[in-house]
Amino acid sequence: MNPVKFRETKIVLKNIHRPHSRRLKTYLKAGGYQALKKVLKGMNPQGVIKEVERSRLVGRGGAAFPTGLKWEFAREAKDIPKYVVCNADEGEPGTFKDKQILEKDPHLLLEGMAICGYAIGARQGNIYIRGEYFQAYRILKEAVKEAEEKGFLGKNILGEDFSFSISLYRGAGAYVCGEETALLDSLEGKKGQSRVKPPFPAFEGFQNKPTVLNNVETLANIPDIILKGAQWFLKIGSQKTPGTKIYCLSGDIQRPGYYELPTGIKLKRLLIDYGKGVKGELKAILPGGVSSSFLTRKDLSVALDWPSVAKRGSQLGSGAIIILNDTHCMVDIARRCAQFFAYESCGKCSPCREGTKRTRELLTNITLGRGELSDLELLCELQEVMYDTSRCGLGQAALNAVRSAILKFRDEFEEHIRERRCRFGICPLGKESS
Amino acid sequence: MKSRLKERIEKILTEYGGKRQALLPALHLVQEREGHISEEVISYLASRLSLPSVDVYGMVTFYSLFSLKKEGKNIIRVCVSLPCYLRGGNQILETLKEELGIKEYETTPDKRFTLEPVSCLGLCDQAPAMMINDEVYGNLTKRKVKEIIRGFK
Ligand SMILES: Cc1cc2nc3c(=O)[nH]c(=O)nc-3n(C[C@H](O)[C@H](O)[C@H](O)COP(=O)(O)O)c2cc1C
Ligand code: FES
C-alpha cells in the first residue's frame, strides 16, 4: 500500500488558500456540504458511524480517543435530547491550529458537526469558543447565519427529515475550560470546574444528556472521511492513527507556523523541511505543549503520532511542538511551566490545587538558591501523586514538563542547588529578585 | 444601571429561557459596555436568575475576561506563556510596564490602559505577541511595542 504523497495530503486545511475561503460560496465551489448531502440522501446513522470507526480517526484535541467509538456511545445512550459540542477553546500553550479552521474555513466545521448530529441523533450543536478569539467568533457567527439562510443548518436540512442548529458560546478566559467536563459546566453558565468521570460526556454531558464533544480539527476531518471513504483515509499517515495532523511549531525555530502533514512524520523532518531548522542549538522539545514531557536531541527520529511519542515517554497531545535551544535554563523553564498550572488550576480538587502551588514554590526556591537536593525527589513524587489523584487532565499532566526536565537535565538542577549557580545567568540565585 | 443595559440583559435572559446559561453572555455584555462588573449588576443578575449573589460573584472572579475593578479604556493582554517567553516575551512585558508606568493588573491613572499578563493567545507563530482590545499584535520588539503604545496616546 503506497502512502499518499505528502504534498497532496490536506484534509482540514485544504481550502484555506482559496480567496474568501470563509464564505459559503467558496466552500460550495470547493465541494462543500457534499458530504452532508451524501449522508442525508443515502446513509443511515449507523452507516455514518461505521465509516468513522473504520477510518480510525482519533481526537485531535489532545487525548486521541477514537472518534467513532465516542459517537457510537452517544448514539446508543437512551436519554434524549442529545447534543454535539465542539471544543474550540484552544488554550494549550503552543497551539494555534483550530483558529485557522475557525477563521478560514468555518463551514468545514459546521458540516462536520451536522454530520455528527445526524449520526448520533442530535438536533442541537454548540461551539464553545475561547473568549479571546474575537475574530474567529465573528466569522463563525457569520458562517452560521449563511448556512441557515441557504438551508444547510436549521429545519429540514436539504429538504430531508433532519433538523440541526448550531449555537455559539463564548468562553471567558480560563485554560481549564478546554477540559471537556469543565467546558460543559462553563457552557451551562457555571464556573469551569471539572466533573468526576465517569460518567463520560457521551453518556451524561451537556445538561446531563448524551453529548459528543469533539475538537475543531477532529470534526473538520469528517466531511472528507464521508466523501472519500475510510479506505482513502487509512492510506494517509501512520497505520494506528491515520490521517493528517496540524502540527504547530513554535519557540526557537526558523519558521514557526502550522503545518498539516500526515501523522507519523519524523520530528527531524518537520523541524528541518518545514521549520527550516532550529534557531541556535537544539536542546529540548515539548511535543504536546506545556502539558507534555520533554524530548531531547535523542528523540529526533520519533514519528509524530500518539503511540510513537508515548513510547518515548511523552505526549503528542494537540500537536503543539515547542522548540527550545541551548540558551535556556531548564530550571527556569520548569518554573515557568509550574507557574502556568498554578495559575490555571481550577481549584476544585486538592491534589491539583495544592500540588501546583507547592511545585511553583519549590521551583521558585531553587531558582532563588534556596533549594535542596531532596526537593527534586519530592517533585518527582508529587508528579506521581498528582497523576494518580487529580480529578482531570490538568492536574494529571501539570508536572510532566517539570519531572522530565529533572530527569533529563538533572545536572542543571543540581548546579542550582549545590553551587547556587545558573550557567545561563538567568536565575537570580540569592541576588535580589522576584 | 442604565435602562438600555438592563434591556439588553433582559434580552439575553429571554434568549436563554431564563436559565443560568445566560450568565456568561450577559457578563460579556456588561464587561464590554462598562469595563467591569459592578455589585449592582451582580445582584441584579443573581436575583433575575434566582442565584445567590456569591455564585455570580464567583463567576466574575473565576474568569479572567471579567473584572470587578473598572478597567481602562484599552486592555492590553500580553502573553506570558512559554512559546512567547522563549522569544523574549518577558522584555515585552517589562517594556509595557515602563512605557505605561504601571505594574501587572494595574490601570494607568488616566484610565486609558490596563495591563494584563495572560496565558497563550494562540499567536505563538508570531511570538512574542499581545492583544489590545480585540486587535492582535505579533513579532513584537521593544521598539515596536513603544510605537504601538505611542500610537494609542
Ligand atoms: C486542561 C485541559 C485542557 C484542554 N484543552 C483543550 C482544548 O483547548 N481544546 C480541545 O479540543 N481539547 C482540549 N482538551 C481535551 C478535551 O478534554 C477533550 O479530550 C477533547 O476536546 C475531546 O475532543 P477530541 O476527542 O475530538 O479530541 C483539554 C484537556 C485538558 C485536561
Ligand atoms: S505562547 Fe504566546 S501566543 Fe501562544
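## A helix crossing in chain A

In this predicted model, H16(A) and H18(A) cross with left-handed geometry, a crossing being left-handed if the near helix is turned anticlockwise from the far one by less than a right angle, and right-handed if clockwise. Helix H16 spans residues 373-389 of chain A and helix H18 residues 400-408 of chain A, and their axes come within 9 Å and cross at roughly 140°. H16(A) and H18(A) are therefore oblique to each other.

The contact is made by A:Leu376, A:Leu379, A:Cys380 and A:Gln383 from H16(A), together with A:Val402, A:Arg403 and A:Ile406 from H18(A); two residues are in contact if their C-beta atoms, placed from the backbone, lie within 7 Å.

## Domains of the two chains

Chain A is divided into domain 1 (24-234), domain 2 (244-325) and domain 3 (330-418), with bounds that come from an automatic or database domain assignment. Between domain 1 and domain 3 of chain A, the centres taken over C-alpha atoms are separated by 35 Å, and their contact takes ten residues from domain 1 of chain A and eight residues from domain 3 of chain A.

For chain B, the assignment gives domain 1 (3-62) and domain 2 (74-152), and 29 Å separate the centres of domain 1 of chain B and domain 2 of chain B, again over C-alpha atoms.

## Conventions

Residues are numbered from 1 along each chain as its sequence is written, while chains are lettered from A and ligands numbered from 1 in the order in which they are written. Local features need pLDDT of at least 70, side-chain atom pairs count only at pLDDT 80 or more, and totals for chains, interfaces and linings use all residues.

Methods. Axes fitted to C-alpha atoms, helices over the stretch in contact; angles between N-to-C directions. Helix = DSSP H or I, 4+ residues; strand = E, 2+ residues; numbered from the N terminus. Parallel < 35°, antiparallel > 145°, perpendicular 65-115°, else oblique.
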